[in-house]
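Please look through the sequence and the model first.

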Amino acid sequence: GQPPPPPPPPPGAAPPPVPGAPPPPPGVGGPPPPPLPGTPGTPTTSLKKLNWRKQMLNQASLARCGGAIWQDLPKVEVPKETFSHLFAQRGLEPLKKKTSVIDAKPKSVTVLDQRRANNILIEIKRFPAARHIKAAILNMDYSYFTKEIVEKLLNNLMPTADERAQIVEARAAQPDIPLGPAEEFLHTLSSIPELQARLSLWRFNYVFQQAEEEFADALMEVKEAIVDVRSSKSLRQVLGSLLAVGNFLNGREVEAFDLEYLNRIVDVKDTVHKAPFLLHLVELVVDRFPTSTDLYSELPHVHRVAKMDWDEQERSLDKLSKDLAQSWEHLRAIAKHETFTDSISTEKKMKSAQFLTEAAEKLKVLEVIHRRVINRFRKLLLFMGLNPSQSESAKVDGFFKLLSDFSMEYRTTHGKVMARLERKKHERERKKTKGKFITKIKDMATGKSSKDKESKRERGWSRKTSGGQFIPVTDDTDTPEASLVAILADQAMKEEKRKLKPGLKQKKKGRQKKKIIRRTLGRPDELDELARFNETR
């Protein structure tokens, strides 16, 4: 009836306690358990590995470069317990299902066609954030919108009535689902009262100053061009010469000719050399009026006006007047939706009204200046010989373009004529100074000055031969022709003396040979040759 004895303890373990005996004191419980297999100092748990690749150091290369950085790295004591705890291998966590971008992205309501939505998204990339658009438009904040953005809003991004209705219906049908980015942008614009009026008034503020400056500059250019035509002396000289030649060729006298002929003068040529008539005209003007210019340089403002589109300039003035009237209407429409208790709205409205008032005054000044400049232009046409009906139908840019094109052709031909006259003048100067040039060289070679000549001529003597003999000179021989003959005779005598001295050329050759030998002196054969050369001398 006794219980079975307990099993024996495992090897190395403490014996089981005796039943009924007191527990053993602390620290006396038998020998400690044996250590688990492994290297002393290494972590017993599995750690997360750093999957790098071992780099083998080449000792030969290290010897040439003075060692590697790895050999001089400092010794670092690693806190093993901390890293063992941080990088211990845990149990495998269940993989979370990756949600795709399409599933994570909330659905949105789209009512616009794909092309329209893409165009809107492309345009609004440079726009401010959607939360700032409405406030910026309401307050006309220039820090958010530039002229280009306002133009894009008016021309490409204004929501139509159908788009507004579709967006409102879609939002009411699905209030919990957000609108697409393009639809949200159009919905924000639709919520702004008098959007068209606000943007049009904003654009007028941007456009007016630039358009006013451009039109004022154009009026100033026309005014200066009229002054250039009236004050050009070369233009009068050219037209006078052309009229005289035309009257002679036509066989009858006329007081003036149609200025349109200036366009066709380039095609006229003479019947002998087939040279352009304009070439002969320029030669005549240069001959009769030596102080005349190339005509092109006297008409600088004419060329600038010729490049303008004057009809476009006048249309821009009319458009400014119409836009100003519409801007007043837009301001009245905006004022209906503004609260007068709001100080910002009141200040903004006062600034807009002040700007439109100043713009109206500037437009009146521009219209007065425009009317006066056109009257001056009509008087210029009458001054140029056009009748009143022609002056009324003539265009500003057309008339000045006619003069500009003709002056350009005249300048080209004038340059050719002046270059040819310059060459002829140079040839004449060479012919005049040809004998004097030889005499001057002869004096420099002999070392005699003009004062010596004058002193000898005062005594009645002049050089005759290269031997230095002087003979009396009479009045008949003291002429340029006689001096030239004496010089030529002297040169001929020198040539005869050279022929009578056959050793002269040999002497020169010998000197040249000696000079060559001196340059290369140094070898024995060269020294012998130099000795023979000295003996022959």
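Axes are lines fitted to C-alpha atoms, for helices over the stretch in contact, and angles run from 0 to 180 degrees between N-to-C directions. This is a predicted model, in which local features need pLDDT of at least 70 and side-chain atom pairs count only at pLDDT 80 or more, while totals for chains, interfaces and linings use all residues. Residues are numbered from 1 along each chain as its sequence is written, and side-chain values use heavy atoms, with hydrogens and water left out.

**The chain as a whole**

The chain holds 21 helices and 2 strands. Both are DSSP runs numbered from the N terminus: helices are H or I with at least four residues, strands are E with at least two. Of the 537 residues, 27% are buried. Buried means under 20% relative accessible area, exposed over 50%, and partly exposed in between, with a 1.4 Å probe and protein chains only. Contact means heavy atoms within 4.5 Å. Among contacts with a separation of 6 or more, 72% join residues 24 or more positions apart.

Two packed helices are described by the angle between their axes and the distance between the axes. Angles under 35 degrees count as roughly parallel, over 145 as roughly antiparallel, 65 to 115 as roughly perpendicular and the rest as oblique.

| Pair | Angle | Axis distance |
|---|---|---|
| α4 and α8 | roughly 70 degrees | within 9 Å |
| α11 and α16 | about 65 degrees | 9 Å |
| α9 and α16 | about 40 degrees | 12 Å |

Take α4 (residues 114-123) and α8 (residues 181-190), whose axes cross at roughly 70 degrees. That angle makes α4 roughly perpendicular to α8. From α4, the contact uses Arg116, Ala117, Ile120 and Leu121; from α8, it uses Pro181, Ala182, Phe185 and Leu186. By class, these are 7 nonpolar, no polar and 1 charged residues. Here Ala, Val, Leu, Ile, Met, Phe, Trp, Tyr, Cys and Pro count as nonpolar, Asp, Glu, Lys and Arg as charged, and the others, Gly among them, as polar.

**Helix α11 and its cover**

Helix α11 spans residues 277-288, 12 residues in total. From first C-alpha to last it reaches 17 Å, close to the 16 Å expected at 1.5 Å a residue. The expected span is 1.5 Å times one less than the number of residues. Which residues of α11 are buried? They are Phe277, Leu278, Leu279, Leu281, Val282, Val285 and Val286. Their cover includes α10 (233-250) and α16 (396-432).

With α16, the packing angle is about 65 degrees, so α11 and α16 are roughly perpendicular. The crossing of α11 and α16 is right-handed. A crossing is left-handed if the near helix is turned anticlockwise from the far one by less than a right angle, and right-handed if clockwise. On the α11 side, the contact residues are Leu278, Leu279, Val282, Glu283, Val285 and Val286. On the α16 side, they include Phe406, Tyr410, His414, Met418 and Leu421. The contact of α11 with α16 counts 10 nonpolar, 2 polar and 3 charged residues.

**Helix α9 against α16**

Helix α9 also packs on α16, at about 40 degrees. This makes α9 oblique to α16. Their crossing is left-handed. Val222, Ala225, Ile226 and Val229 of α9 meet Val396, Phe400 and Leu403 of α16. The contact of α9 with α16 has 7 nonpolar, no polar and no charged residues.

**Two buried residues**

Phenylalanine 215 lies in α9 (residues 195-231). Is phenylalanine 215 buried or exposed? At 1% relative accessibility, it is buried. Phenylalanine 215 touches Gln313, Glu314, Ser316, Leu317, Leu366 and His370, leaving out residues up to four places away in sequence. Leucine 317 is 102 residues from phenylalanine 215 in sequence, yet their C-alpha atoms are 7.5 Å apart.

Serine 404 sits in α16. Serine 404 is buried, at 6% relative accessible area.

**Two loop residues with positive phi**

Most residues other than glycine have a negative phi. Glutamate 194, not a glycine, has a positive phi of about 55 degrees. Glutamate 194 lies in the loop between α8 and α9 and is partly exposed, at 32%. Lysine 274 also has a positive phi, near 55 degrees. Lysine 274 is in the loop between α10 and α11, and at 55% relative accessibility it is exposed.
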